[in-house]
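These are my notebook entries on what I looked up in one structure, written so that I can follow my own steps later.

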Amino acid sequence: MKCCWALLSALVILTAMATFADGCSCSKRHPQEHYCSADFVVLAHVKRIVHDRSEWSRAYKVRIKKEFKVTESGRQALSYGRILTPSHDASCGIRLKPGRRYLLTGNIRSGKPWINLCNFVHDWDRMTPIQRKGFRRLYQRGCDCKVMECHWWGKCPSTTQACTWDTAFDWHDCQSMHAICTRGNGGGGSGTCRWSHSKSYRQCSKKRAGADPKNPDDPARSAPASAVATSSSRRWKNNLLLKS
């Protein structure tokens, strides 16, 4: 009997832990998708945590260093110098370190700026040069294109309106770190959406292609070699755009 009670108690505890862990669920999105869908994209210096009266939210006092994209409602909300996030991890709350600079993408809810784990929130100094250029101005040029992650489909559908994100679940996520999806030249904006690759992207791709196919623990072989070949064949020679 004691054994049964012990097993039952353990099951209740494990169920509670699973519920807590599964409380926050986010789909994986390319940084460009975060930029295009956000109400605000800013570079912010975090000053301190503000003691908020609500038990459901945590507030940070910030100084906005640069606005990369802000709606009118977003600019008004950000003028108070506070950013809100859910107070609990299970609600996708995010923890920022005072004294650090972050690239923040977020949304306006009830007139207040909110961020969470489903947004793109990264230490500015740890982002790649292409990501920083993307958030400054280049992602904006590709907002009429979609970045399509189809890892679970087996094969991405062919389309001219999106770039296929082949490296989404790779250890070396080259397209997230070093590539931008923009529309090629075409009359009336009818060009094909393609990846604009940089030198750093080609270097990253070589690391992916150099994975040991006989070693299942090699982190660089999470995608099949065909994905690398497909990605290489789509290389769009638009380095002038990335060097601007």
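**Entry: the second largest pocket.** I looked up the second largest pocket of this predicted model, and I found that about 430 Å³ of space lies in it. For my own use I note that a pocket is found on a 1 Å grid over the protein atoms alone, as an open set of points where a 1.4 Å probe fits, with protein on both sides within 12 Å along at least five of seven lines, and that lining residues have an atom within 4 Å of a point. Grid points are joined across faces, edges and corners, and the volume is the space filled by probe spheres set on the points. I then asked which residues are closest to the centre of the second largest pocket. Of the 25 residues that line this pocket, they are Lys-28, Arg-29, Phe-120, His-122 and Ser-176. The elements that give two or more residues to the lining are helix H2 (31–37), strand E6 (121–123) and helix H5 (174–178), where helices (H or I, at least four residues) and strands (E, at least two) are DSSP runs numbered from the N terminus. The largest share of the lining, 3 residues, comes from E6. By residue type, I read the lining as 12 nonpolar, 7 polar and 6 charged.

**Entry: how the model was read.** Residues are numbered from 1 along each chain as its sequence is written, and side-chain values use heavy atoms, with hydrogens and water left out. As this is a predicted model, local features need pLDDT of at least 70 and side-chain atom pairs count only at pLDDT 80 or more, while totals for chains, interfaces and linings use all residues.

**Entry: confidence.** The protein chain averages a pLDDT (the predictor's confidence in each residue, from 0 to 100) of 79, and 73% of the residues score at least 70. I noted two stretches where pLDDT stays under 50: residues 1–21, with 2 contacts (heavy atoms within 4.5 Å) beyond four places in sequence, and residues 219–244, with 58 such contacts.

**Entry: the whole chain.** I found 8 helices and 10 strands in the protein chain. Of its 244 residues, 43% count as buried, a word that stands for under 20% relative accessible area, with exposed for over 50% and partly exposed in between (1.4 Å probe, protein chains only).

**Entry: two positive phi values.** Cys-92 has a phi near 70°, a positive value in a residue other than glycine, and it lies in the loop between strand E3 (82–86) and strand E4 (101–109). Ser-110, in the loop between E4 and strand E5 (112–114), also has a positive phi, near 55°. Are these residues buried or exposed? Cys-92 is buried, because its relative accessible area is 9%, whereas Ser-110 is exposed, because its relative accessible area is 78%.

**Entry: two residues in helices.** Gln-131 is found in helix H4 (residues 129–138) and counts as buried, because its relative accessible area is 7%. Leaving aside neighbours within four places in sequence, I see Gln-131 in contact with Pro-31, Phe-120, Tyr-139, Ser-176 and Met-177. Lys-206 has its place in helix H6 (residues 199–209) and is exposed, because its relative accessible area is 64%.

Technical notes:
Ala, Val, Leu, Ile, Met, Phe, Trp, Tyr, Cys and Pro count as nonpolar, Asp, Glu, Lys and Arg as charged, and the others, Gly among them, as polar.
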